[in-house]
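Morning, everyone. Please bring up the model and keep it on screen while I talk.

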Amino acid sequence: GGTPTATLVQVLTRDAAPVALASPALSPALARLIDHLLARNPAGRPASAMAVAEELDAIEAEATARRVRITRRRWIAGIGAAGIAGALGVWFTRPKPTVVEPVRMEFATDPEVNRVVFVRDDMEQVFDLKSDNALSLAPGDYRLRTEVAVPGRSLVPAVVTVEAGEPRLVKLALVGEVKQSQAHTQAVTGIAFVPGAGQPTVLSAGLDRTVQAWRPGTGTQPGFERLSSPALCFAAAPDGTIAVTAGGNKQAPHECGIQLWNGNTLKTRGLPLEGHTRLVTAAAISSDGKRLLSASADDVRIWDVASREFKPLTGHADGARIHAAAFDAIGQRALTGDDTGHVILWNADDGQMLKKLFAQFPGEVGAVRAVVFTEKGFITTGDDGVIRVWAGEPLLALEFPVRGKPIRSLALSKDGKRLLSGDDEGYVKLWSLTEGTLIHTFTGHKRAVNAVAFAPDGREAVSGGQDRTVRLWRLPFE
């Protein structure tokens, strides 16, 4: 913790984070042993020092045996003489040659992946996985790369381990930046990836007073419509049929209206929703497009989109700036986060506050910048750079073991297994929500990342930032 009090609170109320998150290089067996030793409940720890010693002996023995196996392996190029079609090699040990049976491995790849270089013991062989995606490989570790390097992208996984007698499928993705749009002339503040008319469309809004629709597969410039004020916030329903831009000017005319759009056509849906008297800084749309949440420093509202009527929500501190808002999957609950570090859970049906909690490090005041619902709870993050996964009753937070620059944006995959974050350093990070581990870090933005979103199929993601760019990323397979 940042202070002695913060440390004591964590000791008393939270389980230790899995050690593998802090030290990914540890062997799984050693990581499990350390986690057991750190268990708060004594029943979860090893029974005795002797039990610990025995586990350490077993871990060391396995590590030693693996090193011996690796040092004994040698690649024999003339596998054809052995009569094994498609095999990479035969391995032997001295003094008596021993043939190791190759293992059949199948590969599924992204469309851009064709010829792949397999490297083992400093020897290389190239395979065209488009023409033949099944290979017979000798057990061992192989480093992989594409024959022709693609700027800004790399093959994931870069290392494949073949286990004796264990054929399996390996999915190879060419991960990294696919394309980018520089059509915005000021910071991008919101983004969404929707099915679109015939092909996926990236919707974005920014401080340049535009809302834009970009179809990366067409090679054309994004279409756009002008706004009456900078878009401080943006949201879209999953199908794109309804989107919202809001913000306002600091000086008259303030133009604090909330404009609804058809995201597929960039046509407005009626006149702006009026009522806010200060800048609108957060907005969210329910997945069915029937409810809208808007927030400013003077009030928070849940609107019925069809009737254009709203319920006021009270509970944030007076003058607190709300930076984050979200609905749950069925639109019955809502979340808001403000610059005092508080998150409020609301009943969207009647506008009543269900729970208010502090979601930053104890003793520190920072803004909650992003919130998303999960199947069993919700996730928050903000100025302290920590991602917190809240679940259970009472609500308790599992913290991802990262703390650095403020995190400005979050997005959850459709299946709820993966999480995207965008931070002040310009990094877009992909996390495994089920494992609590970092999967991949995407670099390219020169400044803070204000918004992130998954593609409908979960294979790509988009981000928008202070550097005025919208970037399309190819993700690793699960």
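Some ground rules. This is a predicted model, so to speak: local features need pLDDT of at least 70, side-chain atom pairs count only at pLDDT 80 or more, and totals for chains, interfaces and linings use all residues. Residues are numbered from 1 along each chain as its sequence is written, and side-chain values use heavy atoms, with hydrogens and water left out.

Two terms next. Helices (H or I, at least four residues) and strands (E, at least two) are DSSP runs, numbered from the N terminus. Two strands pair if DSSP finds at least two bridges between them.

Four strands make an open sheet in the order S3-S2-S5-S7, with antiparallel pairing. Which strands stand at the edges? They are S3 and S7 (159-162). Each has a single partner strand, so one side of each is left without a neighbour in the sheet. Neighbouring strands here are turned by 30° against each other on average, direction ignored. For that angle, axes are lines fitted to C-alpha atoms, for helices over the stretch in contact, and angles run from 0 to 180 degrees between N-to-C directions. Look at S5 (residues 140-146): four bridges join S5 to S7, and the two run antiparallel. Asp 141 stands opposite Thr 161 in S7.

Stay here for a moment. The loop between S2 (115-120) and S3 (123-128) holds Asp 122. Asp 122 is not a glycine, yet its phi is positive, near 65°.

Now another open sheet. Its four strands follow the order S21-S22-S23-S24, again with antiparallel pairing. S21 (322-327) and S24 (353-358) are the edge strands; each has a single partner, so one side of each is left without a neighbour in the sheet. S22 (residues 333-338) and S23 (residues 342-347) run antiparallel, joined by five bridges. Within that pair, Leu 335 faces Leu 345 in S23.

On to the hairpins. S26 (residues 377-382) pairs with S27 (residues 388-391) over four bridges, antiparallel. Ile 379 sits opposite Val 389 in S27. Five residues lie between the two strands of this hairpin, and Gly 385 in the turn has a positive phi of about 75°. S27 also pairs with S28 (residues 396-399), antiparallel, over four bridges. There, Arg 388 has Glu 399 in S28 as its bridge partner. This hairpin has four residues between its strands, and Gly 392 in the turn has a positive phi of about 90°. The loop between S27 and S28 also contains Pro 394. A cis peptide bond joins Glu 393 and Pro 394, with omega about 5°.

Where is Pro 253? Find it in the loop between S14 (243-247) and S15 (259-262). The peptide bond from Ala 252 to Pro 253 is cis too, with omega near -5°.

Last, charges. A salt bridge is a side-chain nitrogen of Lys or Arg within 4 Å of a carboxyl oxygen of Asp or Glu. How many salt bridges does that rule give? The count comes to 17. One of them joins Asp 110 and Arg 459, the closest N and O atoms being 2.5 Å apart. This pair links distant parts of the chain, 349 residues apart. Asp 110 is in the loop between S1 (103-109) and S2, and Arg 459 in the loop between S33 (449-454) and S34 (460-465).
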